[in-house]
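Here are a few friendly notes to read alongside the model. Take the points in order, and keep the 3D view open as you go.

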Amino acid sequence: MKAVAVFPKSRELRVIEDAPEPRLRSPTEVKVRTLEVGVCGTDKEILDFRHGAPPEGEDFLIIGHEALGEVVEVGERVQGLRPGELVVPRVRRPCPHEHCPACRHGYPDFCITGDYTERGILKAHGFCARYFVEDVAYLHRVPASLREVAVLTEPLTIAEKALREVAHLQERLPWEQRPGRAVVLGAGPVGLLGAMVLLRAGYGTTVYSRAPRPNEKAEVAEALGAPYLSSEQVSVEELRRRAGPVDVVYEAAGASKAAFEVLRGLGPNGVFVFTGVPGRKQPLELEGAALLKQLVLFNQVLVGTVNAADMDFDAALEDLGRFQARWPGGLERLITARRPPEEFEEAASRKGGGIKHVITFQ
Ligand code: BGC
């Protein structure tokens, strides 16, 4: 079958036509025909051979971790899924260690050993192939009404988990804290999906990103109801003046310098959520004393988060439906290009610009 794979030894990305077609090996497995695979910054890192690894003993990794597919076959003990139904798979699989409480309780996103695997990223083949097989426990059923946008489920789970964590963290405040103001740093798919979740949760949300206005991402943000400010046109001080005291910063730019600059704008009792893994690794100089003073005197929380658990996928699928109703056409606008598997590299470098590039299997 056709699959898109990276070969780290020869540093190549190839479309292979003869990858072995996966078969059901257990009665709880499901065979899925891939429809679409979203491409993100992590894929770019894998293509640049800075992240990821093939399965143990193999020389290539089938890439792709943001998938939507159609069930073609189910094992005899699979309940609740039938051929023809749409599904999205989760990414991370638990480590094997008895002493890892996170993995043993079904939360490999909080794994403590680092021996987890991630489909399409770390030591497990991904979904950018004609077919994939997955245990039913890692699949989520998708309503047919979400066919055109469900490829966004996985990146949306980042925001779902983050907001769930923010809600937990703010339970430390002994009064009922209403959603206040939020700043989203970065206007890529993770940022814009984050803005949608924050708006849905009731936060007055501003998107702060590099590209000067006017630009497409700014238009999308503003159509959602989130003012867009460019860091090239508006300083952090000005952002603070315009946005008011910021209760939540949702960082989705993967740029450490910008993140720590915006941290200076976090308000009293605020939470700063980091979701981006920086591509560029240049050192950073910080005014450490001033930063620590700010964190202490204002009871601020910094939290890093990686997606996501079972419930975050369920929440993302529910939210996709809500977003369709609230912003008709808004999710579709995040998907700039649909490309064949042969154009994975162009999708990863977002050739021609835009927001999200998606691989489509015919
Ligand atoms: C994926 C996560 C994964 C992370 C690091 C992200 O793009 O969405 O599931 O844990 O990359 O590999």
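1. Let us begin with a term. A salt bridge is a side-chain nitrogen of Lys or Arg within 4 Å of a carboxyl oxygen of Asp or Glu. By that rule, the count between domain 1 and domain 2 is one salt bridge. Please remember that this is a predicted model.

2. Where are the two domains? Domain 1 is made of two stretches, 3-142 and 335-360, while domain 2 covers 156-304. Taken over C-alpha atoms, their centres are 29 Å apart.

3. Now look at where the domains meet. Nine residues of domain 1 are in contact with 10 residues of domain 2. The size of an interface is often given as the accessible area lost when the parts come together. Here domain 1 and domain 2 bury about 700 Å² between them, with 56% of it on carbon and sulfur atoms. On the domain 1 side, Glu45, Phe110 and Ile355 lose the most area to domain 2, and together they account for 58% of what that side buries.

4. Which residues form the salt bridge? Aspartate 109 pairs with lysine 161, and their closest N and O atoms are 2.8 Å apart. The count of residue pairs in polar contact between domain 1 and domain 2 is one, with both residues at pLDDT 80 or more. As for the side of domain 1 that touches domain 2, its residues divide into five charged, two polar and two nonpolar.

5. Next, find the ligand. Which residues are around the ligand? They are Cys40, Thr42, His51, His65, Val91, Arg92, Glu118, Ile121, Glu154, Val306 and Asn307. This shell divides into four nonpolar, four polar and three charged residues.

6. Three of these side chains deserve a look of their own. A polar side-chain atom of glutamate 118 lies 2.3 Å from an oxygen atom of the ligand. For asparagine 307, the distance from a polar side-chain atom to a ligand oxygen is 3.2 Å. In arginine 92, a side-chain N or O atom is 3.4 Å from an oxygen atom of the ligand. Taken alone, the ligand exposes 310 Å², and the protein buries 87% of that.

Notes. Residues numbered from 1 in each chain as written. Predicted model: local features only at pLDDT ≥ 70, side-chain atom pairs only at ≥ 80, totals over all residues. Heavy atoms only, no water. Domains from an automatic or database assignment. Contact = heavy atoms within 4.5 Å. Buried area = accessible area lost by both parts, 1.4 Å probe. Polar contact = N/O pair within 3.5 Å; in protein donor to acceptor, adjacent residues only side chain to side chain. Nonpolar A, V, L, I, M, F, W, Y, C, P; charged D, E, K, R; others polar. Near = heavy atom within 4 Å. Areas by Shrake-Rupley, 256 points an atom, 1.4 Å probe, with all protein chains shown as cover.
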